[in-house]
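I opened a new notebook page for this structure.

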Amino acid sequence: MSEVAFDPQSVNCSRCGSGDRLNFVIMPYDDEGPGRVLVYCYRCRRSGHSERIDVSIPLPLVTAELMAACYLHGLTQSDPDTATRIVFGDDPAASETLELIQATKVKP
Ligand SMILES: [Zn+2]
């Protein structure tokens with residue numbers, strides 16, 4: 001069971017809890033400034049909130065490097081501990097990603 005590299009069972013849509021075609025998304029809090037890291041299913045990406053989605057990447061394509069880059073380039077200021085758990089769930093990639101974010105994070 002722990003041999004599975006990526007376990008989608010432990011990751012669900014941040015809005016409705018569905019596991020259908022999940023994407024890593026960044027939602028701006030307002031029109032300016034960095035957004036918040038969330039995971040959205042197919043239906044929620046097409047709901048009334050979808051026009052606010054700034055970044056949307058299929059979850060299987062999201063790597064530790066990609067997520068760290070979002071922090072490095074100021075796309076998000078979400079709490080990295082919470083964000084990595086939202087995106088990777090119980091997967092070991094969560095702690096791996098957290099370490100990378102902390103290592104590459106540039107202080108303002
Ligand atoms: Zn959803």
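**The sheet**

I began with the strands and found three in an open sheet, in the order β2-β1-β3, with antiparallel pairing. I took helices (H or I, at least four residues) and strands (E, at least two) as DSSP runs, numbered from the N terminus. Two strands pair if DSSP finds at least two bridges between them.

I noted how the model was handled. It is predicted: local features need pLDDT of at least 70, side-chain atom pairs count only at pLDDT 80 or more, and totals for chains, interfaces and linings use all residues. Residue numbers start from 1 along each chain as its sequence is written.

**Strand β1**

I counted the bridges of β1 (residues 23-28). Six join β1 to β2, and four join β1 to β3. I then picked out some partners. Phe24 stands opposite Val39 in β2. Ile26 stands opposite Val55 in β3, and Asn23 has Pro58 of β3 as its bridge partner.

**Helix α3**

I turned to α3, where Pro80, Ala83, Thr84, Val87 and Phe88 are buried. Seen down the axis of α3, these buried residues fall within an arc of 105°, so they line one face of the helix. The arc is that of the directions from the helix axis to the C-beta atoms. What covers them includes β1, β2, α2 and α4. Just after α3, Gly89 takes a positive phi of about 60°.

**Helices α2 and α4**

Last, I checked how α2 (residues 64-72) and α4 (residues 93-104) meet. Their axes come within 9 Å and cross at roughly 35°. Axes are lines fitted to C-alpha atoms, for helices over the stretch in contact, and angles run from 0 to 180 degrees between N-to-C directions. The residues making the contact include Met67 and Leu72 of α2 and Leu100 and Ile101 of α4. Contact means that the C-beta atoms of two residues, placed from the backbone, lie within 7 Å.

How values were computed
A residue is buried if 20 or more other C-beta atoms lie within 10 Å of its own, exposed if 12 or fewer, and partly exposed in between; C-beta atoms are placed from the backbone.
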